[in-house]
There are 2 protein chains.
Amino acid sequence: MAQIVKPSTLPGFMELLPQDQRVLDQMKAIIEKNYRDKGFLAIDTPVLEREEVLLAKGGGDTEKQIYRFTKGKTDLAMRFDLTVPLARYVAEHYSHLSFPFRRYHIGKVYRGERQQKGRFREFYQCDIDIIGNGSLDLFHDGEIPSIIEGTFMDLGFDAFTIHINNRKILNGFYQAIGIEEPQNVLRIVDKQDKVAWEVLEGELAELGLSKEQIQSITEFKNISGTNGEIFEALEALSLDHEAFQTGLEELKTVVAVAEMLLKDEGHIQVDLSIARGLDYYTGTVYETFLDDYPKIGSVCSGGRYENLAEHYTKQSLPGVGVSIGLSRLYYQLNEGGLLKDYSSAPADVLIVAFDAVRQEGLKLLKAYRDHGVRAIFYADKGKVGKKFKYADDLGLPYVAVLGEDEVKEGSVTLRNMTTGQEERLSVEESISRLLG
Amino acid sequence: MAQIVKPSTLPGFMELLPQDQRVLDQMKAIIEKNYRDKGFLAIDTPVLEREEVLLAKGGGDTEKQIYRFTKGKTDLAMRFDLTVPLARYVAEHYSHLSFPFRRYHIGKVYRGERQQKGRFREFYQCDIDIIGNGSLDLFHDGEIPSIIEGTFMDLGFDAFTIHINNRKILNGFYQAIGIEEPQNVLRIVDKQDKVAWEVLEGELAELGLSKEQIQSITEFKNISGTNGEIFEALEALSLDHEAFQTGLEELKTVVAVAEMLLKDEGHIQVDLSIARGLDYYTGTVYETFLDDYPKIGSVCSGGRYENLAEHYTKQSLPGVGVSIGLSRLYYQLNEGGLLKDYSSAPADVLIVAFDAVRQEGLKLLKAYRDHGVRAIFYADKGKVGKKFKYADDLGLPYVAVLGEDEVKEGSVTLRNMTTGQEERLSVEESISRLLG
């Protein structure tokens with residue numbers, strides 16, 4: 001007798017039962033189809049890379065979370081996102097790629113995060129990026145929202161908003177009011193959804209900001225309205241600052257393209273509070289929220305960056321992209337009971353043949369499959385009730401019962417598992433029914 | 001200026017350019033569709049598990065190759081196949097699964113093998129298994145070959161042979177001639193394709209086998225012919241040995257079911273030389289060879305096992321399954337120039353609009369996409385020739401050119417990138433052409 005090891009996965013690693021896996025896989029397929037149909041090319045990089053490569057940029061907060069180890073003489077690490085591998089890929093294969101390089105990548109990444117609900121240590125990211133060679137037209141920033149829109153509409157959501165901003169507007173505004181390094185200020189302002197503004201004003205004052213500066217920041221963060229109204233308000237600031245004006249022009253261009261390509265212009269909203277990290281993004285930034293479930297947080301985020309692969313090549317490679325954290329999205333929709341009915345039954349019909357006509361059951365299986373019916377055959381012994389239960393548990397819509405009577409008349413009894421209704425049909429009729 | 005790290009993957013890790021990735025992905029999709037359409041359910045287990053779990057069985061030869069490391073206080077390992085995780089999964093989720101449990105799993109596994117051509121340290125396996133609860137009807141062993149057949153036919157191969165045997169026949173035969181532990185003998189006999197039989201007879205003699213035993217083995221290994229002829233020859237041996245007779249009956253049953261379900265009976269061949277490892281498989285065993293490229297070795301192998309999960313549960317869980325080593329298969333087909341033309345273009349058309357009519361170009365992009373045409377827009381500056389080259393490099397079949405003349409008459413010039421022919425069409429006509 002073998003020693004028994006307790007069968008369990010590591011904490012923080014998602015693993016689903018087949019019926020749930022089917023839903024997640026269907027969501028993945030919807031995302032992938034949207035990416036592919038918009039002309040993005042798949043890449044599939046190794047999960048393991050040299051630590052030196054994955055940490056070329058320096059890890060920052062992520063560094064502690066990385067799974068790394070030494071095998072032989074090589075320091076290895078598991079990828080913790082899909083962006084660093086993309087940078088390495090584009091630098092390595094530069095001369096074999098056509099630019100703008102539109103790539104998508106759906107794959108698992110690894111972060112040994114502190115355990116908390118809804119955070120996973122292995123999770124799927126679904127990324128698209130468009131990489132230019134030396135330069136990249138703003139059209140691509142404007143194209144991204146329509147791809148997000150198509151994806152989330154196909155995922156069954158209609159009420160969502162893609163919040164868009166431009167980092168140059170933010171940086172330019174702060175510089176224009178005399179704040180050269182706005183990181184610390186932004187960190188405070190970013191808390192405005194959770195903390196009362198008066199409290200944050202106090203924190204800004206502690207940082208050494210003047211009343212006038214705080215007043216300007218308050219006015220700036222209060223700018224809201226339609227996209228057009230926000231643009232007007234920003235122009236009315238009359239800030240004589242180059243980055244600010246460049247950012248404003250860029251955002252106007254990007255929003256104009258986006259509004260033209262979106263099915264519903266209401267899906268995009270300029271939002272000056274969106275900042276997206278502090279050093280990576282340099283222009284357009286996006287965050288997407290499901291209107292009815294804002295608590296979930298952003299379900300698709302990203303932006304424009306100046307230079308994808310500076311740690312691997314001297315080529316200038318600007319790009320723009322967004323990412324969907326699929327595992328987290330699935331988890332949160334599931335927790336909230338918000339999952340749509342994506343998944344079809346794993347087979348169209350279960351064939352149950354009585355022992356005396358088992359051979360005919362096999363012939364029926366072959367006939368069904370030859371006609372494209374997704375049929376499975378119940379071969380093991382057992383009562384009919386047990387076999388029906390098997391079909392039920394799997395969510396199959398039909399059972400085809402074959403006894404001696406049916407075989408004599410070349411028919412089959414088709415049981416609708418939803419209604420319990422049974423009907424005797426010719427094999428051909430049953431095929432039509434099952435394919436219909 | 002950032003420090004430059006050489007962008008390169010680890011040796012032995014496959015990474016493909018986008019056009020090659022498309023081929024591999026298409027092969028993966030074909031395999032997955034075949035598995036799904038036969039009613040197999042997907043599972044997706046973590047790449048990382050507790051070392052104790054993955055090595056519950058003991059690693060044998062594989063153990064040295066496993067990527068393992070410690071994080072915090074936990075010994076971790078990367079999965080080296082999909083069978084051990086399946087065993088753990090079924091044991092862990094036993095009470096939530098419906099048996100027979102038909103599962104497929106397509107995923108990457110990791111083995112730090114000694115480097116050699118065509119061997120990868122990260123590679124895709126594509127597995128199907130059917131797991132019974134306590135028992136599993138032989139029908140399932142007979143069903144497997146038709147699934148292999150459908151898969152390889154859809155992959156574009158017609159000339160392949162699924163070699164089938166039963167371990168009980170082998171073990172029974174050797175026991176019947178007085179060899180209780182045939183492992184060492186089988187290891188010698190297995191070399192018959194590479195080493196002259198006379199040499200192997202010498203090795204068998206060195207092992208202490210009698211002339212009569214060697215004579216019997218020679219007769220046994222020379223049994224060949226049609227499936228029916230082999231069955232007759234095996235019966236003619238008149239071995240009074242229970243396991244042998246059980247194995248023979250099982251094989252006859254399995255081959256009868258297989259021949260009934262196969263599109264082409266010629267795709268299955270009883271082959272008494274197939275053994276498939278030494279301790280895992282207990283009944284039916286399969287190996288699949290492409291008739292025209294035998295050097296590639298088996299492209300799909302597997303078999304029946306007595307007890308999937310004995311290291312994790314006391315439940316008896318017999319099963320049968322096969323696996324396709326996709327990365328290796330892709331590599332070998334590619335090396336041999338044997339890859340079929342699986343892949344379609346990554347988009348249907350590239351839109352090239354002159355600056356003055358860029359807005360209309362965007363409208364055309366939206367119109368195309370709304371009608372399901374997979375269109376991309378060339379937004380960056382550059383000469384028309386460069387844009388055509390971009391479409392060519394990506395393998396796109398058409399470029400839609402939009403200038404002022406076209407806009408005036410509501411038309412578009414569609415350039416066929418294969419023939420170089422250009423045609424001016426209405427937008428509607430161009431959509432029909434691109435979808436056709």
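This is a predicted model: local features need pLDDT of at least 70, side-chain atom pairs count only at pLDDT 80 or more; totals for chains, interfaces and linings use all residues.
Colleague: In what sense does β12(A) pair with β13, and over how many bridges?

Modeller: β12(A) and β13, residues 375–377 of chain A, pair in the parallel sense over three bridges. Within that pairing, A:Ile351 has A:Phe377 of β13(A) as its bridge partner.

Colleague: Let us turn to the interface. How many residues of chain B are in contact with chain A?

Modeller: The contact involves 100 residues of chain B and 101 residues of chain A. Together the two chains bury about 8,500 Å², with 59% of it on carbon and sulfur atoms. Of the area that chain B buries against chain A, B:Glu15, B:Asp44 and B:Met260 supply 8%, more than any other three residues.

Colleague: How many salt bridges does the rule find across the interface of chain B and chain A?

Modeller: The rule finds 10 salt bridges across the interface. One of them joins B:Arg358 to A:Asp137, where the closest N and O atoms are 2.5 Å apart. As for polar contacts, the count between the chains is 36 residue pairs, both residues being at pLDDT 80 or more. Helix α12 of chain B, residues 358–370, contributes eight residues, the largest share of the side of chain B that touches chain A.

Colleague: Take B:Lys366. Where is it found, and what does it touch?

Modeller: B:Lys366 is found in helix α12 of chain B. Leaving out residues up to four places away in sequence, B:Lys366 touches A:Met260, A:Leu261, A:Leu262 and A:Lys263. The side chain of B:Lys366 reaches the backbone oxygen of A:Leu262 at 3.4 Å.

Colleague: How many salt bridges does the structure hold over all chains?

Modeller: Over all chains, the structure holds 54 salt bridges. Side chains of opposite charge can pair when their charged atoms come close. In chain A, A:Arg415 forms a salt bridge with A:Glu422, and the closest N and O atoms are 2.8 Å apart. A:Arg415 is partly exposed at 22% relative accessible area, and A:Glu422 is also partly exposed, at 42%.

Colleague: Which residue forms a salt bridge with B:Asp37?

Modeller: The partner of B:Asp37 is B:Lys33, with the closest N and O atoms 2.4 Å apart. Both residues lie in helix α1, residues 18–37 of chain B, and they are four residues apart, about one turn of the helix. B:Asp37 is partly exposed, having a relative accessible area of 24%.

Colleague: What about B:Asp348 and B:Arg374: where in the chain do they lie?

Modeller: The side chains of B:Asp348 and B:Arg374 meet in a salt bridge at 2.9 Å, N to O. This pair links distant parts of the chain, 26 residues apart: B:Asp348 lies in the loop between α11 and β12 of chain B, and B:Arg374 in the loop between α12 and β13 of chain B.

Colleague: Why does B:Asp348 count as buried?

Modeller: B:Asp348 counts as buried because its relative accessibility is 14%, and buried means under 20%. B:Arg374, at 16%, counts as buried too. Elsewhere, salt bridges that share partners join A:Glu15, B:Glu49, B:Arg88 and B:Glu92 into one network.

Key:
Residues are numbered from 1 along each chain as its sequence is written. Chains are lettered from A and ligands numbered from 1 in the order in which they are written. Side-chain values use heavy atoms; hydrogens and water are left out. Two strands pair if DSSP finds at least two bridges between them. Helices (H or I, at least four residues) and strands (E, at least two) are DSSP runs, numbered from the N terminus. Contact means heavy atoms within 4.5 Å. Buried area is the accessible area (1.4 Å probe) that two parts lose on being put together, summed over both. A salt bridge is a side-chain nitrogen of Lys or Arg within 4 Å of a carboxyl oxygen of Asp or Glu. A polar contact is a pair of N or O atoms within 3.5 Å; within protein, one must be able to donate a hydrogen and the other to accept it, and residues adjacent in sequence count only if both atoms are side-chain atoms. Buried means under 20% relative accessible area, exposed over 50%, partly exposed in between (1.4 Å probe, protein chains only).
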